[in-house]
Amino acid sequence: MAGGAFVDTSGVRHYEGKVTAFVLITCFVAAMGGLLFGYDLGITGGVTSMDEFLIKFFPSVYKKMKDETHETSQYCKFDDQLLTLFTSSLYLAALIASFFAATTTRAWGRKASMFLGGFFFLIGALLNGFAVNIEMLIIGRLLLGFGVGFCNQSVPVYLSEMAPANIRGALNIGFQMMITIGILAANLINYSTSKMKNGWRISLGLGAVPAVVLCIGSLCLDETPNSLIERGDHEKAKSMLKRIRGTQNVDEEFQDLVDASEEASKVDHPWKNISQPEYRPQLTFCSFIPFFQQLTGINVIMFYAPVLFKILGFGDDASLMSAVISGGVNVVATLVSVFCVDKFGRRILFLEGGTQMFICQVIIGIMIAAKFGLTGQGSFTKGEADILLFFICAYVAAFAWSWGPLGWLVPSEICALEVRPAGQAINVAVNMFFTFIIAQVFLTMLCHLKFGLFFFFAGFVVIMTVFIALFLPETKNVPIEEMNRVWKSHWFWTRFVPDQVVVGGNNKKVSP
């Protein structure tokens, strides 16, 4: 095995190396960035269902919620633009931050971007915890958004660059795993603080804990070889590559990284470059995967779960506990993806998850239609509520082993170095933009579309599943710098990828 690499029958090179404890620990610490996003997703819905919080900041919503005269439809009790702005403002800020984070990640490294993400989130959590008016809440949410934007830009890229190709999927999904753990932790905290005086302050303020952990962790992490080469520190990069691969024989992989970096340095405008025809596959998936991820409807469940359960007739404690249960399912199901993604591949998880989500959403929509109809008046019996919760959990599980982790993994692993920051920035920006849109309009859509909202999302699940079946090639076990071979061998994308492409920084023919 000369040079530390071999070529398989498909023409894709595989580098020598093994899974080291150093890589596992490093990726675990970096993945903590997902806790920030997850904690916020989980904490927001619980807080906005707490009476004390609503009385202080959204008294009109509280009045509608307690209205027992049936003048207000169950579908419309939480329809308030200021309340949804509290939730959605974070994602608008994250969208804006992602573009600044792309420049930071490329110029100063992945670590710097992670640290800034933790720092912004820390300040935002403290402002929310000590908020005395709606202005402090919104400003805090905007700072939380900057934190999420920086972390979502840098962490998936960091994980993909540090991980060996054969377990890149599992380690990258560590980010999604931390998101799910953050959601579950937030749900448990909301359940514990819901009966406390000013419990909402504790729930919001505790977001500072994962932020501090990330700030400290990012200072202790080593930079990726790709980033070190990108900034001219070749000697340290080669030493780091030997350490993370657990072998001295890294010459081939190191040279490919150097060649790729030199080629990338010739690109003055990565944003313009990614729009070129040869990068059409990367641009397509970095745009459509996050778009479709939000239109699965998952964040409706994640950050409005307690509110949604309360609307559907669950009691205060029952609504929070149901959110805890769905959060627990989310964590366990993500583990399925960790163990399956590098064994069975990305496509099978996407396709199975999409099918299961569609079936569950249709059943949920039918159950709500049967009980609440168009008037919004009705309730579930305990047995019916348990069945509804089962299908919501089955839906959450399907997302957690498919579109949840793969929505971050695939865009982070398909881009060549010269367009990687731009590609990941597009991924985060599109994700945050549509998260903002869904968060802002969901309660209004629920008020007007009623049970039809679940059929609306089910329709998009069909479209995205067909999209994956037709256009996404399998990327498991393919080194990032060899990804062009995958596009060249695909029936559709081959027309965009020229025969003469950069492979490891050298102009070589790509065999279809």
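## Salt bridges, helices and a nonpolar patch

The side chains of Arg 110 and Glu 230 meet in a salt bridge, with 3.1 Å from N to O; a salt bridge here is a side-chain nitrogen of Lys or Arg within 4 Å of a carboxyl oxygen of Asp or Glu. This pair links distant parts of the chain, as Arg 110 lies in helix 6 and Glu 230 in helix 11 (residues 225-230), 120 residues apart. Helices are DSSP runs of H or I with at least four residues, numbered from the N terminus.

A word on the model before we go on. It is a predicted one, where local features need pLDDT of at least 70 and side-chain atom pairs count only at pLDDT 80 or more, while totals for chains, interfaces and linings use all residues. Residues are numbered from 1 along each chain as its sequence is written, and side-chain values use heavy atoms, leaving out hydrogens and water.

By the salt-bridge rule, the count comes to 13. Here are three of these pairs.

| Salt bridge | Closest N to O distance |
|---|---|
| Arg 243 and Asp 222 | 3.6 Å |

Where do the partners sit? Arg 110 counts as buried because its relative accessibility is 1%; buried means under 20% relative accessible area, exposed over 50%, and partly exposed in between, with a 1.4 Å probe and protein chains only. Glu 482 and Arg 485 are both buried too. Arg 243, in contrast, is partly exposed at 47%, and Asp 222 is partly exposed at 23%.

Some salt bridges share partners, and in this way Arg 110, Glu 161, Glu 230 and Arg 420 join into one network. Arg 420 is found in helix 21 (residues 420-449) and is buried, with a relative accessible area of 3%. A polar contact of 2.8 Å ties its side chain to that of Glu 161; such a contact is a pair of N or O atoms within 3.5 Å, where within protein one must be able to donate a hydrogen and the other to accept it, and residues adjacent in sequence count only if both atoms are side-chain atoms. Leaving aside residues up to four places away in sequence, Arg 420 touches Val 157, Glu 161, Asn 226, Cys 415, Ile 480 and Glu 481, with contact meaning heavy atoms within 4.5 Å.

Helix 6 (residues 110-129) has 20 residues and reaches 29 Å from its first C-alpha to its last, close to the 28 Å expected; the expected span is 1.5 Å times one less than the number of residues. Its buried residues include Arg 110, Gly 117, Phe 121 and Asn 128. Helix 7 (residues 134-162) has 29 residues that should span 42 Å, and its end C-alpha atoms are 42 Å apart, which agrees. Helix 7 is mostly covered, with 24 of its 29 residues buried. At its start, a side-chain oxygen of Asn 133 reaches to within 3.2 Å of the backbone nitrogen of Glu 135.

Which residues make the nonpolar surface patch? Phe 358, Ile 359, Val 462, Val 466, Leu 470 and Trp 491 form it, covering about 550 Å². Patch residues have over 30% relative accessible area and no salt bridge; like charges are joined within 9 Å, and nonpolar side chains (Val, Leu, Ile, Met, Phe, Trp, Tyr) within 5 Å. Accessible areas come from the Shrake-Rupley method with a 1.4 Å probe, and for residues only the protein chains shown count as cover. Helix 22 gives the largest share of the patch, three residues. Val 466 belongs to helix 22 and counts as partly exposed because its relative accessibility is 45%.

How values were computed. Helices (H or I, at least four residues) and strands (E, at least two) are DSSP runs, numbered from the N terminus.
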